[in-house]
Amino acid sequence: VQLQASGGGLVQAGGSLRLSCAASGRTFSSYGMGWFRQAPGKDREYVAGVRWSGGDTSYGDSVKGRFTISSDNAKNTVYLQMKDLKPEDTAVYYCVADRTGTGLGNPDDYWGQGTQVTVSS
């Protein structure tokens with residue numbers, strides 16, 4: 001199983017970016033997918049997630065109202081639309097798939113390689 005994230009880059013404060021994460025692998029199945037991020041010297045932070053059952057979405061407090069997660073279940077792909085970006089959004093963004101049904105972020109989950117997002121002031 002592989003999670004391939006893309007869409008990161010350098011953007012000015014106030015700008016927008018869209019991240020994508022595609023899951024592949026014949027045995028891939030999950031309860032949902034989402035995103036975490038980690039800035040240098042900081043703990044990993046939950047960004048957003050979506051559950052396949054019911055389509056429920058959730059967001060970390062720091063991104064609510066600015067980021068939107070969406071998905072294409074047929075393609076096993078999730079997207080993260082990021083607007084009004086701030087320098088504090090600068091981090092490596094990791095895609096994750098809930099493998100166990102206990103929520104995103106467990107060590108047993110599938111993790112992508114990360115994509116760098118840099119927001120300049």
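**Group meeting: a predicted all-strand chain**

In the protein chain, residues 24 or more positions apart account for 54% of the contacts with a separation of 6 or more, a contact being heavy atoms within 4.5 Å. The model before you is predicted: local features need pLDDT of at least 70, side-chain atom pairs count only at pLDDT 80 or more, and totals for chains, interfaces and linings use all residues. Residues are numbered from 1 along each chain as its sequence is written, and side-chain values use heavy atoms, with hydrogens and water left out.

Let me begin with the overall fold. The protein chain has eleven strands and zero helices; these elements are DSSP runs numbered from the N terminus, with helices being H or I of at least four residues and strands being E of at least two. The radius of gyration is 13 Å, close to the 14 Å that the globule rule gives for 121 residues, so the chain is as compact as a globular protein of that length. That radius is taken over C-alpha atoms, and the rule is 2.2 Å times the number of residues to the power 0.38. Along the principal axes, the C-alpha atoms fill a box of roughly 40 × 25 × 20 Å. Of the 121 residues, 40% count as buried, meaning under 20% relative accessible area, with exposed being over 50% and partly exposed in between (1.4 Å probe, protein chains only).

Which residues have the most contacts inside the largest nonpolar core? They are L3, M33, W35, L80, M82 and Y93, in a core of 28 residues. Strands β1 (2-6), β3, β4, β5 (45-51), β7 (67-72), β8 (77-82), β9 and β11 each supply at least two of its residues. Such a core is a set of buried Ala, Val, Leu, Ile, Met, Phe, Trp, Tyr and Cys residues joined through side-chain atoms within 4.5 Å. M33, in strand β4, counts as buried because its relative accessibility is 0%. Leaving aside neighbours within four places in sequence, M82 is in contact with residues including L17, L19, F67, Y93 and V117.

Next, the disulfide. The structure holds one, defined as a pair of cysteine sulfur atoms within 2.5 Å. C21 is joined to C95, with an S to S distance of 1.9 Å. This pair links distant parts of the chain, 74 residues apart: C21 lies in strand β3 (residues 17-24) and C95 in strand β9 (residues 91-97). Both cysteines are buried. The torsion about their S-S bond is about -85°, so the disulfide is left-handed.

Strand β11 (residues 115-120) deserves attention as well. T115, V117 and V119 form its covered face, while Q116, T118 and S120 form the uncovered one. In a regular strand the side chains alternate between the two faces of the sheet. Strand β2 (residues 9-12) runs parallel to β11 and is joined to it by four bridges, with V11 opposite V119. Strand β9 runs antiparallel to β11, with three bridges, and A91 stands opposite V117. Strands pair if DSSP finds at least two bridges between them.
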